[in-house]
Amino acid sequence: MTTTRRTQKQRREEAETALLTAAAELVDEQGVHALTLAAVGERAGYSRGLVTHHFGSKQALVERLARAAQAGFVPGLDGLPAGLDRLLRLIDGYIGELGRMGVLNRVFLKLWTESATTAELTPLFRERNEAFHADLYEDLAAGIADGTIRADMAPDETAIAVVAQLRGIGMQRLIDPGRVDTERLRTHVTALWRQALERV
């Protein structure tokens, strides 16, 4: 029986995945302050030197972790044109994903919360918030332009309100998961935003 040797690229990707998984588990269990390059290496079964080689610093590791946790949070939106439909699908999908609340979901919310009091996290999460806001703004502006969203809905302020609501629901789900029925809530919240935004 022959075995296929992994390429250097495959080995590198496997190591990075293992290290990011270990970092996520540590943050999930103990918070970002417990995250050290040595602890990540030990948890993943690698040396601290390999963690440093892949990420360079704790700050770079946290940044990769935050981006990995947020990337593709709501599946099925790629390729959809900007506008009311995509915005409502995002709201519905976001709350639906909160119902699954995997490790990366919890880690993102915990890091986001800590960014208010942890100086090295603040710029990163300001940038993450701005990216989320920009996506929502694009949908709102497109919906106003094509006439599906009311013209008096200010895109900037509305995008801020949507981010606040979705992240707030996420925090409630994190703290008291039994209290937040995401399947009922996603239908309710999406309908509220449709009613508030849709031009009749």
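Colleague: Hi! What covers the buried residues of α2?

Modeller: The cover includes α1 (8-30), α3 (48-55) and α4 (58-70). Buried means under 20% relative accessible area, exposed over 50%, and partly exposed in between (1.4 Å probe, protein chains only). Contact means heavy atoms within 4.5 Å, and helices are DSSP runs (H or I, at least four residues) numbered from the N terminus. This is a predicted model, so local features need pLDDT of at least 70 and side-chain atom pairs count only at pLDDT 80 or more, while totals for chains, interfaces and linings use all residues. Residues are numbered from 1 along each chain as its sequence is written, and side-chain values use heavy atoms, leaving out hydrogens and water.

Colleague: Which residues of α2 are buried?

Modeller: In α2 (residues 37-44), they are Leu37, Val40 and Gly41. They lie on the same side of α2 because they cover an arc of only 100° around the axis (taken from the directions from the axis to the C-beta atoms).

Colleague: New topic: how many residues of α5 are buried?

Modeller: α5 is mostly covered, with 12 of its 17 residues buried. What covers those buried residues includes α6 (103-114), α7, α8 and α9.

Colleague: And which residues have the most contacts inside the largest nonpolar core?

Modeller: Ile91, Leu136, Leu166 and Leu197, in a core of 28 residues. A nonpolar core is a set of buried Ala, Val, Leu, Ile, Met, Phe, Trp, Tyr and Cys residues joined through side-chain atoms within 4.5 Å. α5 gives the most to this core, with 8 residues.

Definitions and conventions
Helices (H or I, at least four residues) and strands (E, at least two) are DSSP runs, numbered from the N terminus.
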